Amino acid sequence: MNYIEPVFRPPSEAKSLILQVTNGCSWNRCSFCEMYTAPQKKFQAKPEKQLREELQFLQQSGYRFPRIFLADGDAMTLSFRRLKTILEAIQNYLPGTRRVSSYCLPRNLKNKSVEELKELQQLGLSILYVGCETGDEELLHTIGKGESYRSSLDALQKIKQAHLKSSVMIVNGLGGRKFSQQHAIHSAKLMTETQPDYLSTLVLSFPEGPKRHQDHFNGQFEQLTQLELFEELALFISHLELSHTVFRSDHASNYLILKGTLNADKEKLLDQLHTAIHTPTAIHLRKEWQRGL
Ligand SMILES: C[S@@+](CC[C@H](N)C(=O)[O-])C[C@H]1O[C@@H](n2cnc3c(N)ncnc32)[C@H](O)[C@@H]1O
Ligand code: SF4
């Protein structure tokens, strides 16, 4: 496969074939995100002919690909028609594929009806990873996400109505000290209102330095300490009212690995955070060098 590197995928797609149907991110303006900023990652949809050739090559390899992840940053930005063609081609060339997934920005679904999404679901689309990042309106505006509480809510509800699964990402520490409490509380409110199937938290990290993010905060961004990150996460979890959401903080950026189903495991997760806050030597925490993005 000829990938335009770097290529990213959610941790849970480790066993999936990555099919790069687009290059880069159609938005690419979030203050904290450097994933698709390299010059070769300028947003572009892969030409249909090239994609068919790749699928043909995969078919001839004789391997089965039960799971496929559509890269890059928001393949769901493609039109309904184009996505339908891609999913039909996957069914045609790789009939053993059972589950197709993609990153998805709320705005990617704005011009797609529930009926259209249901059709994509029938063609194998199964799970959408939505980087909500926060439910706090002021913070969404500050980081330049180009989304609002309402647009995130609408997209997550549409996903549910189309019988697709949603996996939401929230970024721990995203707003620094100033926004910490409102970020935790409003993100929990968004999750409670939308009841995603999966929820994960990542820790804000800056492999290339905080300058871009800092500029959006007029130089006033104060990064949370490890202790403050745990406190923010505990406040977030304590405000969640979920009936059955699989929660994970096992992304490489996290210091503390948490896993559970919410709300069933809420007290257990809060206990673990309590230990991390008050007796950090009694719990396993990743060292700085063990973390990544
Ligand atoms: C490829 S991006 C998300 C896909 C899609 N473009 C979206 O925004 O929904 C994957 C996720 O990584 C996380 N991420 C990106 N940059 C990060 C950073 N500097 N620190 C921590 N998490 C980050 C965000 O949660 C982001 O949604
Ligand atoms: S977080 Fe998502 S939308 Fe924002 S720049 Fe990164 S990939 Fe694009």
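**Close-up views of a predicted model**

View 1. Val130 has Val168 as its bridge partner in strand S7. The structure is a predicted model, in which local features need pLDDT of at least 70 and side-chain atom pairs count only at pLDDT 80 or more, while totals for chains, interfaces and linings use all residues. Residues are numbered from 1 along each chain as its sequence is written, and chains are lettered from A and ligands numbered from 1 in the order in which they are written. S6 and S7 pair in the parallel sense over 5 bridges, where pairing requires that DSSP finds at least two bridges between the strands. Strands (E, at least two residues) and helices (H or I, at least four) are DSSP runs numbered from the N terminus. On its other pairing, S6 runs parallel to strand S5 (residues 99-104), to which 5 bridges join it, and Val100 has Leu125 of S6 as its bridge partner. Because 8 of the 9 residues of S6 are buried, this strand is largely enclosed by the rest of the structure; a residue is buried if 20 or more other C-beta atoms, placed from the backbone, lie within 10 Å of its own, exposed if 12 or fewer, and partly exposed in between.

**View 2. Strand S9 with S8 and S10.** Strand S8 (residues 198-203) pairs with S9 in the parallel sense over 3 bridges, and the partner of Leu199 in S9 is Phe247. S9 runs antiparallel to strand S10 (residues 259-262), with 4 bridges joining the two, and here Phe247 has Gly260 as its bridge partner.

**View 3. The largest nonpolar core.** This core has 69 residues, of which Leu70, Cys104, Leu128 and Val130 touch the most other members. The largest contribution to this core comes from S6 (residues 125-133), with 6 residues. A nonpolar core is a set of buried Ala, Val, Leu, Ile, Met, Phe, Trp, Tyr and Cys residues joined through C-beta atoms within 7 Å. When residues up to four places away in sequence are not counted, Leu128 touches Met76, Ser101, Ser102, Cys104, Ile159, Leu164 and Ser166, contact being defined by C-beta atoms, placed from the backbone, within 7 Å.

**View 4. The surroundings of the two ligands.** There are 20 residues around ligand 1, and Cys33, Tyr103, Gly131, Met169 and Leu202 come nearest; a residue is near a molecule if its C-beta atom, placed from the backbone, lies within 6 Å of it. S6 and strand S7 (165-172) each supply at least two residues of this shell, and the largest share, 3 residues, comes from S6. The residues that surround ligand 2 include Cys33 and Gly131, together with Cys25, Trp27, Asn28, Cys30, Met35, Tyr36, Gly73 and Leu105.

**View 5. Gly175 in its loop.** Gly175 lies in the loop between S7 and helix H6 (176-194), and it counts as buried because it has 27 C-beta neighbours inside 10 Å. Apart from neighbours within four places in sequence, Gly175 is in contact with Thr134, Asp136, Leu139, Ser180 and His183. Gly175 and Ser31 are 144 residues apart in sequence, and their C-alpha atoms are 11 Å apart in space.

Note on methods
Contact = placed C-beta atoms within 7 Å.
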